[in-house]
There are 4 protein chains.
Amino acid sequence: MTEGPAHGYGCDATDETDVAALFDRVSGELGLPDLVVYNASGFLMKPVMEIETDELVQQWNVTCLGGFIVGREAARRMSERGSGSLLFTGATACYKGSANFAGFAVGKFGLRALAQSMARELGPQGVHVAIVNIDGEINGPDHAHEIAEKGVDALLDPDAIAQTYLALHRQHHTAWSHEVDLRPAIEKW
Amino acid sequence: MTEGPAHGYGCDATDETDVAALFDRVSGELGLPDLVVYNASGFLMKPVMEIETDELVQQWNVTCLGGFIVGREAARRMSERGSGSLLFTGATACYKGSANFAGFAVGKFGLRALAQSMARELGPQGVHVAIVNIDGEINGPDHAHEIAEKGVDALLDPDAIAQTYLALHRQHHTAWSHEVDLRPAIEKW
Amino acid sequence: MTEGPAHGYGCDATDETDVAALFDRVSGELGLPDLVVYNASGFLMKPVMEIETDELVQQWNVTCLGGFIVGREAARRMSERGSGSLLFTGATACYKGSANFAGFAVGKFGLRALAQSMARELGPQGVHVAIVNIDGEINGPDHAHEIAEKGVDALLDPDAIAQTYLALHRQHHTAWSHEVDLRPAIEKW
Amino acid sequence: MTEGPAHGYGCDATDETDVAALFDRVSGELGLPDLVVYNASGFLMKPVMEIETDELVQQWNVTCLGGFIVGREAARRMSERGSGSLLFTGATACYKGSANFAGFAVGKFGLRALAQSMARELGPQGVHVAIVNIDGEINGPDHAHEIAEKGVDALLDPDAIAQTYLALHRQHHTAWSHEVDLRPAIEKW
C-alpha cells in the first residue's frame, strides 16, 4: 500500500443528493475510490415496548438506509469501471436479535440483507461486496475505563480491524469472502 | 375453537395513532385479542442499483415498521394481561438476501430481528412471539395460472397455513416455538 | 387420534440389521408406521482436549449414525408407500458448538445435516422429514430437584412436546415445516 | 514470511497414534508448528436411501474424525505453548444439507461443530481456531476440462486460498475471525 495523506470529507449518508455529490467530488479530486467502507451505525438499547417510532426510524436510517444509499452510489460507479470493493461493518446484531436490542438489530439485519443481495448482483460485475461482523468493543481514545477494567486484550485494536478490511480488498477475484467475523481471542461468545 | 362471525377493520399499519386506535376499538368491542398476526408485506424485485430511495423506504415501512408498531401496541396490552400470541409472517427473504431481492429482504430481515428481540423480552411475561417463514407461493383467487402450470400441490394452502398459526397459538407455555418454516412437500429448496 | 395400547420394542439403533428387523416385525404386527421419531442421543460435556477418540465415536454413533440408519430404513419403506413422517429430535447443539460441547455438537450438527438432505430428497416422494430443536431440559420422573430449584415452568412438558410432533405429522402436504424450535416461555436464550 | 524448503510427511489422520507420532516427529525436526491446517475430506454424492452404513462411517472418519484427532493433538501442544493457529477447511456443506449430499454434509457439519467448540475453548489460551468454507471448485492439475468449459475465473486459485489462510494466521489476537467463506466473484450462490 502506498501511504499518503488522508483526506476528510463530511456528508449526510442518509441524504442521497449529498452522497452522490460527495462521490462526484472525491472522484474528481482523487479518482473513483477503489475501496468504500460503510461504517456508520446507530445504537439503541431498550425494550421494544419503550421504543418510540421516530427513534426506530432514526436508527434504521443511519444503520441501514445510509448503507443502501452509499452502497448504491458506489455500485453504480464501480460496476461501470468493473472493479472495487465495498465493505459494510456489521455486528453480532446482524444475525441475533437479543433482548433490548431490537432498535439496533432491525438496522443491522437489514444491512446484512443488503450486503448479501449486493454481493450476488455485483460479484459478476467485478465489484467485491463483503460484511465484517465485529463482535466486541473497539479500542479508542475514550476506552481508558474499559481497558482498566477488562484489560487491553478485551478490546479490538482498530489497526487490526483495518488489516482484515485491507486483506478483503486485496483478495484475488477467484477467492472472495463475503462474510467475516472479528472478535478478541479472549471474548466469550 | 369456537367459530364465530369474522369482523373486518381497516387500519394503516405504519401509522402508530391509527394502530393504537384500532387496538382500543377492537378491545372495546371484542375484548383484547388473544392472537395478533402481522401479515402485511411489501414486495420489490429489482437490482440494488435501480432501487429508488423512496421505494426502499416504502417497502421497509410496510414490511418492517408496520410490524414494529403493531407488535409494540400488541405487546404493551398483552404483557399487562400476561398472555397472548403475536405471530409475524416471514419468508425465505428473512434469512437470505438473493440477487434482485434487497428491497424485500431488507424489510424481512428487519422483521426477523424484531421478532427475535420481542420473543426474548416478552416470553417471560407470558406473551408468545413467533415468526413463520413461508417459502413458496400461497394459493388464492388469482392463482389459476400458477395452478395450471405447476399443479395445486406447488402452492401453499391458506387453511393449512392457518392450522400451523393456530397450533403455535395453542402451544403449552413450556414448549413454545419461535421460528417455523412452511413450504410445499414438492418445493425445491 | 385413535388412542390405543402402546407397544414397546427394543433395538440397537446403531446396528442396521437390528433396525431393519425391527421395521419388518413392527410392520408385520401393526403395519408400516405412519410416524417415526428418532429421539436417541448421546451426551458428553468436556473440553476437546480431554475427549477420547472412542468417546467421540460412541457419541456420534448414538446421536447421528443411529439417526441415519433408522431414517434410511424408514425412508426406504415410506417412500415406497408415498407417505409418512420422520421426525428427528435436535437441540441447540444442532447449530451452536459451545465450549465443552464438541462431543455432543458433532453428532447433533450431523443429525441436522442428515435431516436437511432427507427433507429435500423425500418431500417430493410424499415423506415429511423434520427436526425439532429442543432448547431446555425436559420434565421427567427424575427432575424433582430441578423443579424445586427453577420451578416447573422452566422444564419442557413431555406432552407439550408430543403435541408439536403430532401437529408436524398432521400438517397438510402443501405447508410442511422442516425445522422447529421448542423452549419454555421463561427460558433465557 | 520466510520461505524455505517444503517438507512432506505421510499420516493416517484417522489413527490417533499415527497423528500423535507425526506431531512429535515434526516438532523434533522443525519445532512445534505455528499453523496447522486440516484439509482432508471425503466426498459422496448419492441419496440417503442408497448410502451404505460403512460408506457413511468412512466419509465421516475422513471429514470429521480426522479433524478431531488432528485438532486435539495440535490443541494439546499449542495451548501449552499459548500460541498457534488451527484452520479447518469447510464447504457450503458445512451449513446446508442439499439433496444427495448427506454423506458429505454429515461430516462437514460435524467439522463445523468441532471448530466452533474449539474456538471458544482455545481462544482464551492463545490458540486461534477458524474454519474456511470454500464454495466452488479449486483449480488444479486435473481441471483443464472445467477451465475450458466455465473459464478460469470460475475456479478458486489455490494461491489465493492460501493467502486468506495466511492472513487468518497473521491476524492480531484482538481481532480474530472464526468463520470465513471463499468463492469466485462470478459464482452463483
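Two residues are in contact if their C-beta atoms, placed from the backbone, lie within 7 Å. By that criterion, in this predicted model, the contact between chain D and chain A takes 30 residues from chain D and 30 residues from chain A. Chain D also meets chain C, with 36 residues of chain D in contact with 36 residues of chain C.

**Chain D and chain A**

- On the side of chain D that touches chain A, helix H5 (158-170) and strand S4 (179-182) of chain D each supply at least two residues.
- This side of chain D comprises 14 nonpolar, 10 polar and six charged residues.

**Chain D and chain C: the contact**

- Helix H2 (53-81) and helix H3 (102-122) of chain D each contribute at least two residues to the side of chain D that touches chain C.
- H3(D) provides the largest share of that side, namely 13 residues.
- By class, the residues of the side of chain D that touches chain C are 20 nonpolar, nine polar and seven charged.
- Of the interface residues of chain D, 100% are also interface residues in chain C, so the copies meet through the same surface.

**Chain D and chain C: the symmetry**

- In general, two copies of a chain are related by a rotation about an axis and a shift along it.

Terms used. Residues numbered from 1 in each chain as written. Chains lettered and ligands numbered in written order. Predicted model: local features only at pLDDT ≥ 70, side-chain atom pairs only at ≥ 80, totals over all residues. Helix = DSSP H or I, 4+ residues; strand = E, 2+ residues; numbered from the N terminus. Nonpolar A, V, L, I, M, F, W, Y, C, P; charged D, E, K, R; others polar.
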